[in-house]
Amino acid sequence: MGGTLPADRPAGGHGDRLVMLGVNGGPVITPQEAQPAIALVVNGGVYLVDCGLDTARQLIHSGLGFGGVRNVFITHHHLDHTSGLPGVMLHGWTARPALPSLDIWGPPGAEAKAAKLLAGFDDEIALFAAGGGFGSFPAVTGHDLDLPDDGAITFVMEDDHITVTATRVFHGPEVADAYAYRFTVKETGKAVVFSGDTAAHNANLIALARDCDVLVHEAQDNSAIERIAAGLPEPRGAELIKHLFEAHSSVLELPAVAHAAGAGKLVLSHYTPMAQPPEAWLAMALPEATLAGYTGEIIAPAALDIITL
């Protein structure tokens, strides 16, 4: 068992890899932190898991750009996971190389997002299409994934490079549909699982992540929750405490989750409820790995870090 703080930044590089575009969770914008978005890069193709506010700019900062992006997989419809979609579509269109098309996969509502999200930008799109030299706007297609309530692992999609399956996870009673995804790389057989937002230990997630090479799991510092909530008026403070405790996963629980799944590597992400250095997250997780008997590598990335597959 070991701990790692990736050092490769900015995120150029070659080969199949994860690029951690944004690793901080929550809808509040914080200085110098990016909201949830991870790029799985396979054979030069870019598969985005979630699309927080900063995704378009982080694609540029990372060196990935928009030309390889074809798909976005939304874990659930909290705005910190979706508010970057307009920027990716609009500025991806005007980029060079441009975003050629986009498929949005996610819980029910993904199809409506694809159809309606840009309605307020009709004037801007028409102006640049007529006189900006950018051509037609890329086709955007939404796919509603209505996964079975019993938690069965369900096929989502495949292309020449990857196969994607998914399952339901619990993210609080108010979130009707929250999903975790598993990507299997056809050429190498490597499997990467993304937990989305969920409370540990989630049996559906553990089944989906069985013997995966990399488990990317949300991480929460429960010791900071009451301190954060203290600045809110009631009943908002109590509501936030309830949601965070019942719908998210303590970083202290994650090595045991990875051990139960047989995951080769555990990658921490979606840090909540406040930004902390990656070193702090790693320091919380490592002693728990010893207690849980987890012998895989634990990685605490910062935004734009690269994790090779």
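Analyst: Happy to! One term to begin with: a residue counts as buried when its relative accessible area is under 20%. Bear in mind that this is a predicted model.

User: Okay, is Cys 212 buried or exposed, then?
Analyst: Cys 212 has 2% relative accessibility, so it counts as buried.

User: And what about Cys 51, buried or exposed?
Analyst: Cys 51 is buried, with a relative accessible area of 0%.

User: How many disulfides does the structure hold?
Analyst: The count is zero disulfides.

User: Switching topic: how many residues of helix α2 are buried?
Analyst: Eight of the ten residues in α2, which runs over 85-94, are buried, so the helix is mostly covered. Among them are Leu 85, Val 88, Met 89 and Trp 93.

User: What covers those buried residues?
Analyst: The cover includes the helices α1 (55-62), α3 (110-116) and α4 (122-131), along with the strands β5 (69-73), β6 (101-106) and β7 (139-144).

User: Which residues are closest to its centre?
Analyst: Of the 17 lining residues, those are Ile 38, Asp 50, Gly 196, Ser 269 and His 270.

User: Which element gives the most to that lining?
Analyst: That is β12, with three residues. The elements giving two or more are β3 (37-42), β12 (214-220) and β13 (265-272).

User: And what is the lining like by class?
Analyst: The lining of the largest cavity has six nonpolar, eight polar and three charged residues.

Methods. Residues numbered from 1 in each chain as written. Predicted model: local features only at pLDDT ≥ 70, side-chain atom pairs only at ≥ 80, totals over all residues. Heavy atoms only, no water. Buried < 20%, exposed > 50% of the residue type's maximum accessible area, 1.4 Å probe, protein only. Helix = DSSP H or I, 4+ residues; strand = E, 2+ residues; numbered from the N terminus. Contact = heavy atoms within 4.5 Å. 1 Å grid on protein atoms, 1.4 Å probe; cavity = no way out; pocket = protein on both sides within 12 Å on 5 of 7 lines; lining within 4 Å. Nonpolar A, V, L, I, M, F, W, Y, C, P; charged D, E, K, R; others polar. Disulfide = S-S within 2.5 Å.
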